[in-house]
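Subject: Structure for you to look at

Hello,

Here is the structure I promised to pass on. Please open it first, then read my notes below with the model in view.

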Amino acid sequence: MGQAFGCIQVDQSNVVIREHFGKFDDVLEPGCHCLPWCLGYQVAGGLTLRVQQLDVRCETKTKDNVFVNVVASVQYRAIAEKASDAFYRLTNTKEQIQSYVFDVIRASVPKLNLDAVFEQKNEIAKAVEDELEKAMSTYGFEIVQTLIVDIEPDVQVKRAMNEINAAARLRLAANEKAEAEKILQIKRAEGEAESKYLSGLGIARQRQAIVDGLRDSVLAFSENVPGTSAKDVMDMVLVTQYFDTMKEIGASSKSSSVFIPHGPGAVRDVATQIREGLLQAGST
């Protein structure tokens, strides 16, 4: 109805193309404008200055012969100062942008292996953006940003990549487990060696204490009982130790009876056997 009275309203972030008898006349910015249709003025169309986004899905092949779908997201907008170029010079802006995206991606990705495509997606996006900026600025459009938002290999290739990753992680876990078991075994062996060493020290000290006690007993008995020799005292001590040992055997054994030789001759034989055993052990 505004045009019937020769006025038109242009909304914010929009521009309107005005023509005079079918020829471009002016770009109307946001606000209210006079449009005397009776003098041959008319509205040819409008443009939005807002940032728009176009998602482009491109199928291509990598250097190692893997087909992938590369999804590029292009953010663009019309330049207010070049609104007439943006309105008159392009019939379909989205198809034009899509053609340039296809051209750059299909020229860049086949030079790279699949792993390199994932690693260099920012470089691919920059190449697309540079090419679009150079081409679309001529037509009155600004490329705000270009992103490679997704790289989708074939389903079987993706499954194989996951299996390779899982196998590598399992191998790493096995190596770590084996290393941990190795450390445990080393520490266990070191503990056993230390335990045996300390046990040997304890036994040596125990035997040294027994020898020292026997020596002190022999010396004390020889001094307190005149006429006795060290050999007589040692025989008595050995026999006493023998009977103490037999007593402990009888107390700790499951049997209720222990048979041992008895009598003076038997005791003398026991002392002789113990002395000879000690002498033989000392000589070896």
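Helices (H or I, at least four residues) and strands (E, at least two) are DSSP runs, numbered from the N terminus. You will need that throughout.

This is a predicted model, so local features need pLDDT of at least 70, side-chain atom pairs count only at pLDDT 80 or more, and totals for chains, interfaces and linings use all residues. Residues are numbered from 1 along each chain as its sequence is written, and side-chain values use heavy atoms, with hydrogens and water left out.

**Overview**

The protein has 7 helices and 8 strands. Of its 284 residues, 24% are buried. Buried means under 20% relative accessible area, exposed means over 50%, and partly exposed lies in between (1.4 Å probe, protein chains only). A contact means heavy atoms within 4.5 Å. Take the contacts with a separation of 6 or more: 62% of them join residues 24 or more positions apart.

Most residues other than glycine have a negative phi. S13 is not a glycine, yet its phi is positive, at about 65°. S13 sits in the loop between β1 (7-10) and β2. It is partly exposed, with a relative accessible area of 26%.

F21 also has a positive phi, near 55°. Its place is the loop between β2 and β3 (23-28). F21 is exposed, at 64% relative accessibility.

**N14**

N14 lies in strand β2. Is N14 buried or exposed? At 18% relative accessibility, N14 counts as buried. Its side chain reaches the backbone oxygen of Q12 at 2.8 Å. That is a polar contact: a pair of N or O atoms within 3.5 Å, where within protein one must be able to donate a hydrogen and the other to accept it, and residues adjacent in sequence count only if both atoms are side-chain atoms. Leaving aside neighbours within four places in sequence, N14 touches several residues, including L28, P30 and L47.

**Helix α2**

Helix α2 covers residues 93-108, which is 16 residues. From first C-alpha to last, α2 reaches 23 Å, close to the 22 Å expected at 1.5 Å a residue. The expected span is 1.5 Å times one less than the number of residues.

Which residues of α2 are buried? They are T93, I97, V101, V104, I105 and S108. They cover an arc of only 95° around the axis, so they are on the same side of α2. The arc is that of the directions from the helix axis to the C-beta atoms. An α-helix has 3.6 residues a turn, so residues three or four places apart point the same way.

What covers these buried residues includes β6 (52-61), β7 (67-78), α4 (121-136) and β8 (141-153). At the N-terminal end, N92 caps α2. A side-chain oxygen of N92 lies 3.3 Å from the backbone nitrogen of K94.

**The cores**

A nonpolar core is a set of buried Ala, Val, Leu, Ile, Met, Phe, Trp, Tyr and Cys residues joined through side-chain atoms within 4.5 Å. The largest one has 36 residues. Those with the most contacts inside it are I97, V101, I105, L132, M136 and F141. The largest share of this core, 6 residues, comes from β7. I105 touches C58, T60, V70, A72, P110 and V128, not counting residues up to four places away in sequence. A second, separate core of 5 residues includes I8, V10, L28 and L35.

I148 lies in strand β8. It is buried, with a relative accessible area of 7%. I148 and I124 are 24 residues apart in sequence, but 7.6 Å apart in space, C-alpha to C-alpha.

T62 is in the loop between β6 and β7. T62 is buried, at 2% relative accessible area. A polar contact of 2.4 Å joins the side chains of T62 and D64.

**Cysteines**

How many disulfides does the structure hold? It holds 0. A disulfide is a pair of cysteine sulfur atoms within 2.5 Å. The sulfur of C7 is 4.8 Å from the closest cysteine sulfur, in C32, so that is too far for a bond. C7 is partly exposed, at 31% relative accessible area. C38 is exposed, at 60% relative accessibility.

Best wishes
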